[in-house]
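User: Could you take me through the contact between the chains of this model, and then through a few individual residues?

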Amino acid sequence: MTYNEMMVKPMREEVTRLGVQELRSVAEVDGALGPGEGTALVFVNSVCGCAAGAARPALSLALRHPVKPPQLFTVFAGQDLEATARARSYFAEYQPSSPSIALLRDGEVVHFVHRHMIEGRGPEAIAADLIAAFERHCSKETARRE
Amino acid sequence: MSGHVFHPGHEELHGVTVVVEGASGRLWVGRYHETNERGVVLHDVAIHDPAITTVGREPWIERLRKFGVKVEEPFVLLPSKEAGPITRLTDWQPS
């Protein structure tokens, strides 16, 4: 069962307006993640409360940091089902949960934020963990700097 | 913002992934729904049963923390006599 698109649209836009590219088809996912080059963040969006109250605000905060992945993608769990399943195939060792955030470098998962690491935490704390991961895994050569 | 309740009207742990230590020796990990007169209700549950696994509690929990909860049961009602201490997965420590 998917959700009413009218309800989901602002949740999508909350992420895409950060400069994150939404992937809505298998082809788009493969085009983005298939090459497996460089550092990429994949935000698995969700309609649930911890996406609204914690994960999306945390992503927004983290992406203000000067060091961040040059490739930023999102899929919407429970809505774009095939695209989400395909994206998860790129981090298949990790159990599916949403919201969640994967950081990949040259096709390998180097950091993963599960839903259980988001639940009940504030955006600032989650963002701090993400920023630490950005600084650890996004080299000066590959990071997007503003 | 610790202790933030995302679902007004529910208990603080509602929707949070927890570890329930069972009187049977099992560990139950899932999203907490509620405690009612029948017991503790969890969704999307993984179970550590020392009778059928050689993996210890701590490495099992560490694996869940790193790779996520592999759901074995979509819904579990733990009878009150089985349900022991309830801890967030992120906070659980061996007793």
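**Contact between the chains**

Analyst: Between chain A and chain B of this predicted model, the count of salt bridges is zero.

User: How many residue pairs are in polar contact between chain A and chain B?

Analyst: Salt bridges between chain A and chain B number zero, but polar contacts are counted separately, with both residues at pLDDT 80 or more. On that basis, the residue pairs in polar contact between the two chains number six.

User: Which helix gives the most to the side of chain A that touches chain B?

Analyst: The contact takes 16 residues from chain A and 19 residues from chain B. With four residues, the element that gives the most to the side of chain A touching chain B is helix H3 (residues 49–62).

User: What is the area buried between chain A and chain B?

Analyst: Carbon and sulfur atoms give 56% of the area buried between the two chains. The total to which this share refers is about 1,400 Å².

User: Is Met7(A) buried, partly exposed or exposed?

Analyst: Met7(A) lies in helix H1 (residues 5–16) of chain A, and together with Met1(A) and Tyr3(A) it makes a nonpolar surface patch of about 350 Å². Because its relative accessible area is 39%, Met7(A) is classed as partly exposed.

User: Which residue has a side chain joined to that of Arg26(B) by a polar contact of 3.2 Å?

Analyst: Arg26(B) lies in the loop between strand E1 (17–22) and strand E2 (27–36) of chain B. Leaving aside neighbours within four places in sequence, Arg26(B) is in contact with residues including Ile47(B), His48(B) and Pro50(B). The side chain joined to that of Arg26(B) by the 3.2 Å polar contact belongs to Asp49(B).

Notes:
Residues are numbered from 1 along each chain as its sequence is written. Chains are lettered from A and ligands numbered from 1 in the order in which they are written. This is a predicted model: local features need pLDDT of at least 70, side-chain atom pairs count only at pLDDT 80 or more; totals for chains, interfaces and linings use all residues. Side-chain values use heavy atoms; hydrogens and water are left out. Helices (H or I, at least four residues) and strands (E, at least two) are DSSP runs, numbered from the N terminus. Contact means heavy atoms within 4.5 Å. A polar contact is a pair of N or O atoms within 3.5 Å; within protein, one must be able to donate a hydrogen and the other to accept it, and residues adjacent in sequence count only if both atoms are side-chain atoms. Patches are made of residues with over 30% relative accessible area and no salt bridge: like charges are joined within 9 Å, nonpolar side chains (Val, Leu, Ile, Met, Phe, Trp, Tyr) within 5 Å. Accessible areas come from the Shrake-Rupley method with a 1.4 Å probe; for residues, only the protein chains shown count as cover. A salt bridge is a side-chain nitrogen of Lys or Arg within 4 Å of a carboxyl oxygen of Asp or Glu. Buried means under 20% relative accessible area, exposed over 50%, partly exposed in between (1.4 Å probe, protein chains only). Buried area is the accessible area (1.4 Å probe) that two parts lose on being put together, summed over both.
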